[in-house]
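Please keep the structure in view while working through the numbered points.

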Amino acid sequence: MWRSSLYWRLSGFYWSYFALVGSFMPFWGLYLKHQGFSILAISQLLAISSATKLVAPNLWGYLADRFSIRIAIIRLGAFGAFTVFLCVFLPLKFVGMFFMMSVFSFFWNAILPQFEVVTLRHLVGRTHIYSRIRSWGSFGFIISVVGGGILFDYISIDYLPYFMLALLLTIFLSSCWVAEPEWTFSPKQQKKDFWQQLKQPSMMVFFLVCFLMQFSHGPYYTLFSIYLDKLHYSHAAIGGLWALGVFSEIVLFWLIPRWFQRYSLSSFILIATLLAAVRWFLLGYFANYLIGLIVAQLLHAATFALFHLACLHWVHKYFSADYQGQGQALYNSIGYGAGGSLGALSAGILWKLGSSTLAFVMAGVVCLIASIVIAFGLRHLVIQYQGAEVENDPRMTAAIQEQ
């Protein structure tokens, strides 16, 4: 009964969190366009949302690890984001919107990295359950993006902020139902071990690949909906295509636990980067054809779900308990922060200078570079969930035994 209750509390949080992402990611650019912002201004506003991840997650992660207040920080982030987002109803020009989104993102970026740590700590000995808990976030995203796509074909997209505020409040309430996990903390070893870990060649390669992968997602997360709108797809079709991508990730989330026993994390990352290159080239050259869009969106299972799960387990395995929060924060900062913000800015500039196709072609080339880095940089640094390394890691051994 206790495990079932915990499962649904964690799943409920992911559902509400990614339901908001499903409102923000596909429709916020369209909302800003409806408010009169240019494509370049929109790319800059969405880039600042990613750029705050360079600082905010690391600050929140340090505080969470140092003072063991992870759940309190998650609640503060959710409530702070809700409060700041109320400013969206003010008559904001570019500078005002830029400032509002900066402060909103500062609080927003406190939430997910720390909740990932909370979830994995609650699941010690059964971490294989994580992907199925996380899949409920994908269900929330689908409901939000499909519902929004249908709804905004009938009502004005000016109503989007009201739905986002309701979901922000739901996130805060969901966080109040999750307890702080019990964990042993040893701050004396934190700084030394943390920097020693970061200096390892495998970590440098890993974070470089994270940066490149999220950089390549810049055109998708920033301009995909506007791109489809330009090609005269309806809001319902746009929402449906976003949902198709997320549905594919749900399928992978449920199937992947058995695969982690057989293959290395670096192999998963390599496959994800190669398929990402295929996906961006498809969007660049075949977006006029529905079949091209469908195949590209089905590849979301690899470019997001497979890549994210491999990276999450990498961080969980190679950062010790005392700085799990900072490890997850660094993954978010370098990948989604530095990579995401620069990718968004580059996409906006390329769109203005050339065409939408050029932005996605750039993304495909970046993924090919990432594939080369992971193929050669980690060829001798393969991480397995079986063999000698697992024998020395009781957390992973227990997870495999339960499978």
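This is a predicted model: local features need pLDDT of at least 70, side-chain atom pairs count only at pLDDT 80 or more; totals for chains, interfaces and linings use all residues.

**Notes on helix packing, a salt bridge and selected residues**

1. Helix 4 contributes Ile71, Ile74, Arg75, Ala78, Phe79, Ala81, Phe82 and Phe85, while helix 8 contributes Pro161, Met164, Leu165, Leu168, Leu169, Ile171, Phe172 and Ser175. By class, the residues of this contact are 14 nonpolar, one polar and one charged.

2. Two packed helices are described by the angle between their axes and the distance between the axes. For helix 4 (70–85) and helix 8 (residues 160–175), the axes come within 9 Å and cross at roughly 160 degrees. Helix 4 is therefore roughly antiparallel to helix 8, because angles over 145 degrees count as roughly antiparallel. The crossing of these two helices is left-handed.

3. A second pair consists of helix 11 (residues 218–230) and helix 13 (residues 265–286), whose axes come within 12 Å and cross at roughly 30 degrees. Helix 11 is therefore roughly parallel to helix 13, since angles under 35 degrees count as roughly parallel. Helix 11 passes helix 13 in a crossing that is left-handed.

4. How many salt bridges does the structure hold? There is one salt bridge, and it joins Arg134 to Glu249, with the closest N and O atoms 3.8 Å apart. Arg134 belongs to helix 7 (residues 130–151) and Glu249 to helix 12 (residues 235–255), so the pair ties together parts that are 115 residues apart in sequence. Side chains of opposite charge can pair when their charged atoms come close.

5. Met101 lies in helix 5 (residues 94–108) and is buried, with a relative accessible area of 3%. Beyond its neighbours within four places in sequence, Met101 is in contact with Phe24, Trp28, Leu45, Leu46, Ile48 and Ser49.

6. Thr52 is situated in the loop between helix 2 (39–51) and helix 3 (56–67). Not counting residues up to four places away in sequence, Thr52 touches Pro57, Ser102, Ser105, Phe106 and Asn109.

7. Ser68, in the loop between helix 3 and helix 4, has a phi near 55 degrees, a positive value in a residue other than glycine. Ser68 is partly exposed, with a relative accessible area of 44%. His232, in the loop between helix 11 and helix 12, has a positive phi of about 75 degrees, although it is not a glycine. At 73% relative accessibility, His232 counts as exposed.

Conventions. Residues are numbered from 1 along each chain as its sequence is written. Side-chain values use heavy atoms; hydrogens and water are left out. Helices (H or I, at least four residues) and strands (E, at least two) are DSSP runs, numbered from the N terminus. Contact means heavy atoms within 4.5 Å. Axes are lines fitted to C-alpha atoms, for helices over the stretch in contact, and angles run from 0 to 180 degrees between N-to-C directions. Angles under 35 degrees count as roughly parallel, over 145 as roughly antiparallel, 65 to 115 as roughly perpendicular and the rest as oblique. A crossing is left-handed if the near helix is turned anticlockwise from the far one by less than a right angle, and right-handed if clockwise. A salt bridge is a side-chain nitrogen of Lys or Arg within 4 Å of a carboxyl oxygen of Asp or Glu. Buried means under 20% relative accessible area, exposed over 50%, partly exposed in between (1.4 Å probe, protein chains only). Ala, Val, Leu, Ile, Met, Phe, Trp, Tyr, Cys and Pro count as nonpolar, Asp, Glu, Lys and Arg as charged, and the others, Gly among them, as polar.
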